[in-house]
Amino acid sequence: MREIILDTETTGFDPVAGDRIVEIGCVELLNKFPTGATFHVYINPERDMPPQAEAVHGLTAEFLADKPLFAEIAEQFLAFIGGEAKLVAHNAGFDMAFLDYELKKCGHPLPARDRVV
């Protein structure tokens with residue numbers, strides 16, 4: 001069984017209000033053991049970094065300024081998570097709300113909800 005453990009960092013709490021993903025990290029497990037395959041990317045949020053968010057993850061607007069936009073990494077991310085693996089996240093509702101928003105914004109399909117743990 002393939003699983004993807006994932007986490008995001010963001011500029012805030014609400015993608016609809018303009019908050020954006022600034023980092024995605026994923027680790028692949030096969031039969032509950034790490035395979036060594038990972039996906040990690042910093043993302044330019046195209047907006048300022050609120051001090052409260054910076055205090056949580058330490059990422060600054062200056063550091064992220066030359067990083068790719070979400071639309072530039074979306075296909076790589078979707079290829080890594082594939083179409084069948086369970087997506088496991090500590091705060092899955094939060095992470096998936098941001099991922100869904102970003103994927104929809106650039107015209108990509110959304111991961112099926114029955115994949116999310």
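**Notes on a predicted model**

1. Let's start with Asp7, which is partly exposed: its relative accessible area is 40%. You'll find Asp7 in strand S1. Keep in mind as you look around that this is a predicted model.

2. What does Asp7 touch, once its neighbours within four places in sequence are set aside? The contacts are Glu23, Ile24, Gly25 and Asp95. Leu64 is another matter: Asp7 and Leu64 sit 57 residues apart in sequence, and their C-alpha atoms are 17 Å apart in space.

3. Ile24 turns up again in the largest nonpolar core, which has 23 residues. Along with Cys26, Phe70, Phe77 and Leu99, Ile24 touches the most other members of that core. Which elements give two or more residues to this core? They are strands S1 (2–10), S2 (21–30) and S3 (33–42), plus H3 and H4. H3 gives the most, with seven residues. There is also a second, separate core of five residues, and Val22, Met49, Ala53 and Leu59 are among them.

4. Now for the two helices. H3 covers residues 70–81 and H4 covers residues 92–105; they pack with their axes 10 Å apart, at an angle of about 110°. An angle from 65 to 115 degrees counts as roughly perpendicular, and H3 and H4 are therefore roughly perpendicular to each other. Their crossing is left-handed.

5. Where do these helices meet? On the H3 side it's Phe70, Ala74, Phe77 and Leu78, and on the H4 side Leu99, Glu102 and Leu103. Sorted by class, this contact has six nonpolar residues, one charged residue and no polar ones.

6. Most residues other than glycine have a negative phi. Asn31, in the loop between S2 and S3, has a positive phi near 55° without being a glycine. Is Asn31 buried or partly exposed? Asn31 is partly exposed, with a relative accessible area of 49%.

7. The other one is Glu46, in the loop between S3 and helix H1 (51–57). Glu46 isn't a glycine either, yet its phi is positive, at about 55°.

Methods
Residues numbered from 1 in each chain as written. Predicted model: local features only at pLDDT ≥ 70, side-chain atom pairs only at ≥ 80, totals over all residues. Heavy atoms only, no water. Axes fitted to C-alpha atoms, helices over the stretch in contact; angles between N-to-C directions. Helix = DSSP H or I, 4+ residues; strand = E, 2+ residues; numbered from the N terminus. Parallel < 35°, antiparallel > 145°, perpendicular 65-115°, else oblique. Left-handed = near helix turned anticlockwise from the far one by under 90°. Contact = heavy atoms within 4.5 Å. Nonpolar A, V, L, I, M, F, W, Y, C, P; charged D, E, K, R; others polar. Core = buried A, V, L, I, M, F, W, Y, C linked by side-chain atoms within 4.5 Å. Buried < 20%, exposed > 50% of the residue type's maximum accessible area, 1.4 Å probe, protein only.
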